[in-house]
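Reader: I would like a close look at a single part of this model, taken slowly and with the terms spelled out.

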Amino acid sequence: MAAVLLIPVSVLAAVRLTGEYREDATSWELRGVSDDGRTLTILYTTAPNCESLDRVDKSETPSRVALRLVIRRRLDCASEGSAVPHTTKVELARPLGNRELVDARTGDAPKL
């Protein structure tokens, strides 16, 4: 009898293979909010020479902003060395204000 591998749907949603790369949602930290509240500075890390930021998925409602950072990892790469910190800016449609900010990957508030 053949073995069956069951993968939770949440894992499938977080990982997507695309040719020579794999896309994974990754953790991030909020590093700052612009004076007008419309630009967030986000900190994330990548493995040297193997990973890069692919995109930031953003969902905004009147009460909440959810961000999901997606890292692109080369499948043929064995990273050596320490994680490299990076920042990126995320533009919001309207100021963050009192809206809740969450990591869409976990549903949690980001580390500060």
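This is a predicted model: local features need pLDDT of at least 70, side-chain atom pairs count only at pLDDT 80 or more; totals for chains, interfaces and linings use all residues.

In which sense do E3 and strand E4 pair, and over how many bridges?

Author: E3 and strand E4, the latter made of residues 39-46, pair in the antiparallel sense over four bridges. Strands here are DSSP runs of E with at least two residues, while helices are runs of H or I with at least four residues, and both are numbered from the N terminus; two strands are taken to pair if DSSP finds at least two bridges between them.

Residues are numbered from 1 along each chain as its sequence is written, and side-chain values use heavy atoms, with hydrogens and water left out. The mean pLDDT (the predictor's confidence in each residue, from 0 to 100) is 85 for the protein chain, and 82% of the residues reach 70 or more. Over residues 1-13, however, pLDDT stays under 50, and for this stretch the model has two contacts (heavy atoms within 4.5 Å) beyond four places in sequence.

The pair belongs to an open sheet of three strands, in the order E3-E4-E7, with antiparallel pairing. Its edge strands are E3 (29-33) and E7 (84-91), each of which pairs on one side only. From one strand to the next the twist averages 30 degrees, the axes being lines fitted to C-alpha atoms (for helices, over the stretch in contact) and the angles running from 0 to 180 degrees between N-to-C directions.

E4 also gives the most to the lining of the largest pocket, with three residues. A pocket is defined on a 1 Å grid over the protein atoms alone, as an open set of points where a 1.4 Å probe fits, with protein on both sides within 12 Å along at least five of seven lines, and its lining residues have an atom within 4 Å of a point. Of the 14 lining residues, the closest to the centre of the largest pocket are Ser27, Trp28, Glu29, Arg105 and Lys111.

Elsewhere in the model, strand E2 (residues 21-26) is joined to strand E6 (residues 64-74) by six bridges and runs antiparallel to E6, with Thr26 standing opposite Leu69. E6 is also joined to strand E5 (residues 51-60), by nine antiparallel bridges, and these two strands form a hairpin with three residues between them.
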